[in-house]
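Thanks for coming, everyone. I'll walk through a few local features of one model, so please have a look at it first.

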Amino acid sequence: MEERLVEMEDRGLMERLEWQKERIAMEREIEMLRRRLRTKQRPESPESEPEPEPEPSCVSFKSDWSNDHYINFKGEQPSAENRIQQRPDSTEPEPSCVSFKSDWSNERYISFKGEQPTAEKRVDQESSEVPSGQSAQQHQIYLDSIFMLLKENIATFVKNELKKIQKVLNPDYPECLESQREDEDEDEEQRSSREAFLKITLYFLRRMKQEELADRLQNRSSAGVCKRKLKSNLNKKFQCIFEGIAKAGNQTLLNQMFTEIYIMEGGTAEVNDEHEVRQIETASRKPDRPETTIRREDIFKAPPGRDEPIRTVMTKGVAGIGKTVLTQKFTLDWAEGKANQDIQFTFPFTFRELNVLKEKRYSLVELVDHFFSETREAGIFRFEECQVVFIFDGLDECRLSLDFHNTEILTDVTESASVDVLLTNLIRGKLLPSARLWITTRPAAANQIPPECVHMVTEVRGFTDPQKEEYFRKRSRDKKQESRIISHIKTSRSLYIMCHIPVFCWITATVLEDVLKTREGGELPKTLTEMYIHFLVVQSKLKNIKYGGEAGNDSNWNKETKKMIESLGKLAFEQLQKGNLIFYESDLTECGINIRSASVYSGVFTQIFKEESGLYQDKMFCFVHLSVQEFLAALHVHLTFTNSGVNLLSEEQTTSWWSEVFRDKSTHFYQSAVDKALQSPNGHLDLFLRFLLGLSLQANQNLLQGLMTQTGSSSETNQKTVEYIKKKFSENLSAERSISLFHCLNEVNDHSLVEEIQQSLSSGSLSTDELSAAEWSALVFILLSSEKDLDVFDLKKYSASEEALLRLLPVVKASNKALLSGCNLSERSCEALSSVLSSQSSSLRDLDLSNNDLQDSGGKLISDGLKSPHCTLETLSLSGCLISEEGCTSLVAALSSNPSHLRELDLSYNHPGDSGVKLLSAGLKDPLWTLDTLRVEPAGVRWLIPGLRKYSCELTLNTNTVNRYLKLSDNNRKVTHVEEDQPYPDHPERFDYWPQLLCRNGLTGRCYWEVERRGYVSIAVSYRGIRRRGRSEDCGFGYNDHSWSLRCSDDGYSVWHNSIPTSISTSYCGRVGVYVDCPAGSLSFYRFSCDSLIHVYTFNTTFTQPVYPGFGFRIRSRGSSVSLCSV
């Protein structure tokens, strides 16, 4: 092999010598030609002065061209001086020929910063080197000579580089390709040339099917070595996590502990400034939708139907929901080679670290080098041709000035600027547009980045119910303990909702594991306040054991610990008022805490107060979760009031702690806290208030015995606070505020309102006609706190009225499907529903508004909601809503502006007119619309009649079915239950025992009829196949699965199906309306009040056959009657 290589080298040397001889001959020929040209061009006029000999301007291969290295490949080209010595004619005087001494030699052939001369400029430069009058043939010879030398230079470069590559590819060679660099002072152009050749080599190796060699070469390149080192270091950094702990503690393997986090695709980059506990409650109510979830490894994968690539992803989520762990798992999977291996480099940053560089200036390359030394060591100075991912975690913690409107434009990765300018240009895509960006943030900070800079928004919803259980199972090794913990958190809805947050799962597990260990058989904490008090006690106990060698409850609150808690509480409260969650040295100084003390606190209470080190070891502090900060803030306010009488919420003082004055002050203290929380614009004090009221309980104060020197309230004070809260419900509060107050009542162990409504619901005796404002709020709280997913909400179950809808609107918003058909809704309801459709927190996907007289004005309001970018409604029924051509125009305009969600639209039983149908049909064909089902038939003017009477049908009694104890009269339109046997002929369809009859009309569509009744009457619909002979229940209306019945008497109503009765609490009425929608499977009964229809009950079922109206009587109800009414 070596002999062959030597032979090839000798052959190459001979070829070069031959070529040099030819080149020298060519030079002589070119020089002779140029002299002839100059002789011919010399002026012949005797008057003109002789021109001086011009500077040679032709190409001379004896010039010093080769001294000026345009591409210096490790200095291995022979110098000009050496070349001249090799030539036999080097002693001759230098000829006057074309020289590279011209300006052309100052230009660079290859500029890797985008500074290459344009093609036109190059042509000009080249043509300027050619003497005027030179023939095309002479020009060609001139170019040939240049390119022959160029070929020699390239061949030399290729040969030298291939030698190095061949050496590196030797399996025994331990070093990387970069170690072969002979000249450490390579400039950027030389380095770029080498990288370009490496890519060419890799291309041809893969083309030759030499994948193994290509992979080995790539891995041993500078970029490959850098990538390998970066992966190794990121693996070490992220393979272990500290749940809630930033310093010393028990490490947990991320892969072992990681529970998949619920990520939803969609949403907007707009601000949501609700208190995050509200957002948690909203998220916890949203049912699982596997089709809309995305996996973390697919975060940059374009969804189906989207062609353009995704560059920037924003992931929103409340504090502690798992955003940071999600990015760490993404990075770890990449580092371990499990996912996204098409990515060359992943660079995870946090805004906490970037904040400390606020006053510094860096180029993008320098910024990466500062955080990731691997790139600096490898000499990587550009990323344009690499697939790079930048992760920026915690936008809500950013203290940089991100100005996307007035920031200078920056496009060069090597140009220095302030960090905020770097970030804004990177996010805008001006700087390194090929990079991918993943930004995480809490919802309140999402609007810091313009929506046009974000290509996809995702939302971390936290743990689903199964994922909560999975977390506790992974954490616990004791199966019995694990089962007890899971069953306990399920009994407390408040705790269960909070366990939606992974950090709260950790807090809960920490507390319950300790309580189960130390108090076997004891009662477990049920409220948030209890849970957080236990958490504080556990951490204090661990601190004393770890640092003081103490144990036992008596030593939990020693002098040092009390001082520590007081300092942390003060910091928590003052910073909460300022809205700060991350604290720096300046923040601590403002709160009277020096940096050394803070370090001690974070070292002792590592699971409460975290210290983190960024670049240059700058210290950052925060509480492990917002809820911990709010608890300690509430504890500080409570301790200050009970110990000194100072109300930090109102700056009022009392000097007599235990007098009647104090009791009055104590009552005012809690009531003023309620008022202040209700006045906060977005519920930002909701959780703080829950903790503060929870701390008023004597049982909770006993847990803090030793920390609290005085008790702060009596049972009398607590009862006054409860009554004060209940009065607040009558002040027309928003649903969110009402729900917050119910949580407060739960913290003080008052469940009276909720239990009252629950009892009425379970017994079926709930009468919404008589509910107070507080009871309506309790109903909303119960429905939203239900363990059942709010999949289908049927307003008729509570009250088919506009008032009920407006009261229960939060439930509609949280539901997947809302059945609001036939509920007497008006424009007012449409306006409220439009706001639901426009809400980014709405879960509504299916809305049935059929048979409400909304008219075009109501349809326009619904269309306004459909226009919203937040609207994700998929199915809308406006059937029978008095919609005309004008309403259809509004709908078409809405769907044209937001065509991406609605899939099914029902406009049957309206009057859209020809133009309305045409507009809708055109939209159905529009590829941008997702609408795939449109119903407009039947249509016509007749369907613009208000109410259900538009569906009226004329019923005819079937005399062949009439029982012999039923007497027909009034032209066979009235039926009376009599004592005497009527002389009807035998017929196989006649009911021989049950006093019943059917109508002739078999119904398959929509139909409405009214009857007047007296006494006990059963109003029913039945399949024709119901049995007629005998006494069995198979014959009786409502006793089988063939019939559905409303039984009316002067004592009330009840509905029956398949022998299952349901009592209806409503006032008596002699006139009854019946509406059946066979395709929809609904059967509704109504009573009359002042000529208005009042909903009584609706059966929702599936009709498999035509149904027949029927009437029946009780055996002993002689004298009762029913008459068909004209509608």
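Let's start with Asn749, which is partly exposed, with a relative accessible area of 48%. On this scale, buried means under 20% relative accessible area, exposed over 50%, and partly exposed in between, using a 1.4 Å probe and protein chains only. Before I go on, the ground rules. This is a predicted model, so local features need pLDDT of at least 70 and side-chain atom pairs count only at pLDDT 80 or more, while totals for chains, interfaces and linings use all residues. Residues are numbered from 1 along each chain as its sequence is written, and side-chain values use heavy atoms, with hydrogens and water left out.

Back to Asn749. Its phi is positive, about 60°, although it is not a glycine. Asn749 sits in the loop between H28 and helix H29 (752-763). Helices here are DSSP runs of H or I, at least four residues, and strands are runs of E, at least two, numbered from the N terminus.

Now H28 itself. This helix covers residues 735-747. From first C-alpha to last it reaches 19 Å, close to the 18 Å expected at 1.5 Å a residue. The expected span is 1.5 Å times one less than the number of residues. H28 is mostly covered, with 11 of its 13 residues buried. Among them are Arg737, Phe742, His743 and Glu747.

Which other residue has a positive phi without being a glycine? Leu432, with phi near 50°. Leu432 lies in the loop between helix H14 (419-428) and strand S9 (436-441). Leu432 is buried, at 3% relative accessible area.

Leu432 is also one of the residues that Phe390 touches, along with Phe347, Leu364 and Trp438, among others. Contact means heavy atoms within 4.5 Å. Phe390 and Leu354 touch the most other members of the largest nonpolar core, which has 205 residues. A nonpolar core is a set of buried Ala, Val, Leu, Ile, Met, Phe, Trp, Tyr and Cys residues joined through side-chain atoms within 4.5 Å.

Next, Arg1028. It is found in the loop between strand S24 (1017-1023) and strand S25 (1043-1049). What does its side chain reach? The backbone oxygen of Glu989, at 2.6 Å.

Last item: a cis peptide bond joins Glu937 and Pro938, with omega about -5°. Pro938 lies in the loop between strand S19 (933-935) and strand S20 (966-969). That's my tour.

Definitions and conventions. A polar contact is a pair of N or O atoms within 3.5 Å; within protein, one must be able to donate a hydrogen and the other to accept it, and residues adjacent in sequence count only if both atoms are side-chain atoms. Lists of a residue's contacts leave out its neighbours within four places in sequence.
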